Amino acid sequence: MPLLDTFRTGLRNNSALSPNSAPAGGPNPAGEVDMRLAGPLRIVALVVTVGLTWIIVSILLGGPGSGFPRIQQLFNSPESSVTAEPRARKYKCGLPQPCPEEHLAFRMVSGAANVIGPKICLEDKMLMSSVKDNVGRGLNIALVNGVSGELIEARAFDMWAGDVNDLLKFIRPLHEGTLVFVASYDDPATKMNEETRKLFSELGSRNAKELAFRDSWVFVGAKGVQNKSPFEQHVKNSKHTNKYEGWPEALEMEGCIPRRSVAS
């Protein structure tokens, strides 16, 4: 046999006897090892990928429930960030500023047409309102102790179909220093007579003498004042200027009233 043929025959025999080769039709140990390793490796790779993704998302989002602040910070410059304006603080009765010491904070609103009732608030306490169910058509009046600020009595007087004598009995016997809060609703003046207008004028009103049918009026006076009250607003009922059909606009007034000293 030629030397070259002998060499080729030896190579074929060695290949047939190689430990990595399997007999025809028999099992392949190397292939089985590859298949057994492929499944776990895929699972490990998937777990690692999910874990890294979760970490990156958590860093960007800044934790659960926080929206996208980190992402926004990446794209927004410090100059473009806008700080929300703080909400304005409200004080007693919704006043924008606190009252000085020894002053009573108040806010009052007249009725709007014959639909929305008036409100009288003093020292953060609602003295009269539709919610308290103690307001009505006509004049709504709250009497307050000028020293302590405590409510004495609150009543509504119908000035369209009521008896004006009920109102006179209410305001005639006032004690010195009593504060009188008045808010109109619908019609404040039809039943008014001269004595009623005079009594309100003596309490410090400038407009009681000219108050007329369906005017809007808010007023704070006191028994025994020497000057006219600075707390009064009045709008005439006029078809040319009325805000509502047949009624002028509602009036709103707020401020700080000095407490009366015990000696005064």
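Helices (H or I, at least four residues) and strands (E, at least two) are DSSP runs, numbered from the N terminus. Just after helix α5, Gly204 takes a positive phi of about 115°. This is a predicted model, in which local features need pLDDT of at least 70 and side-chain atom pairs count only at pLDDT 80 or more, while totals for chains, interfaces and linings use all residues. Residues are numbered from 1 along each chain as its sequence is written, and side-chain values use heavy atoms, with hydrogens and water left out.

**Five-strand sheet**

- An open sheet of five strands runs in the order β5-β4-β6-β7-β8 with antiparallel pairing; two strands pair if DSSP finds at least two bridges between them.
- Its edge strands are β5 (151-157) and β8, each of which pairs on one side only.
- Neighbouring strands of this sheet are turned by 15° against each other on average, direction ignored; axes are lines fitted to C-alpha atoms, for helices over the stretch in contact, and angles run from 0 to 180 degrees between N-to-C directions.
- Five bridges join β6 and β7 in the antiparallel sense.
- Within that pairing, Phe181 has Val220 of β7 as its bridge partner, and Ala183 has Val218 of β7.
- β7 also pairs with strand β8 (residues 232-235), in the antiparallel sense over four bridges.
- Here the bridge partner of Val218 is Gln233 in β8.

**Burial of β7**

- Seven of the seven residues of β7 are buried, so β7 is largely enclosed by the rest of the structure; buried means under 20% relative accessible area, exposed over 50%, and partly exposed in between (1.4 Å probe, protein chains only).
- In a regular strand the side chains alternate between the two faces of the sheet.
- Both faces of β7 are covered: Ser216, Val218, Val220 and Ala222 are buried on one side, and Trp217, Phe219 and Gly221 on the other.

**Helices on the sheet**

- α4 lies across β4 and β5 and runs at about 165° to β5.
- α5 packs on the sheet, where it touches β4, β6 and β7, and its direction makes about 55° with that of β7; contact means heavy atoms within 4.5 Å.
- In helix α5 (residues 194-202), the buried residues are Thr196, Arg197, Leu199, Phe200 and Ser201.
- Those buried residues of α5 pack against β4 (138-144), α4 (164-171), β6 (179-185) and β7 (216-222).
- Asn193 caps the N-terminal end of α5, with a side-chain oxygen 3.3 Å from the backbone nitrogen of Glu195.

**Four-strand sheet**

- Four strands form an open sheet in the order β3-β2-β1-β9, and the pairing is antiparallel.
- β3 (125-128) and β9 (252-258) stand at the edges with a single partner strand each, so one side of each is left without a neighbour in the sheet.
- The twist from one strand to the next averages 25°.
- Strand β1 (residues 103-109) pairs with strand β2 (residues 119-122) in the antiparallel sense over four bridges.
- Met108 has Ile120 in β2 as its bridge partner.

- Asp186 lies in the loop between β6 and α5.
- At 14% relative accessibility, Asp186 counts as buried.
- The side chains of Asp186 and Trp247 make a polar contact (2.9 Å); a polar contact is a pair of N or O atoms within 3.5 Å, where within protein one must be able to donate a hydrogen and the other to accept it, and residues adjacent in sequence count only if both atoms are side-chain atoms.
- Not counting residues up to four places away in sequence, Asp186 touches Ala113, Asn114, Arg137, Arg214, Asp215 and Trp247.

**Cavity and pocket**

- On a 1 Å grid over the protein atoms alone, a cavity is a set of points where a 1.4 Å probe fits but cannot get out, and a pocket is an open set with protein on both sides within 12 Å along at least five of seven lines; lining residues have an atom within 4 Å of a point.
- Grid points are joined across faces, edges and corners, and a volume is the space filled by probe spheres set on the points.
- A search of the whole structure finds one cavity of 30 Å³ or more, and the largest cavity has a volume of about 40 Å³.
- Among the residues that line the largest cavity are Asp186, Arg214, Asp215 and Trp247.
- The largest pocket has a volume of about 240 Å³.
- Its lining has 13 residues, of which Leu179, Ala222, Val225, Ile257 and Pro258 lie nearest the centre of the pocket.
- β7 gives the most to this lining, with three residues.
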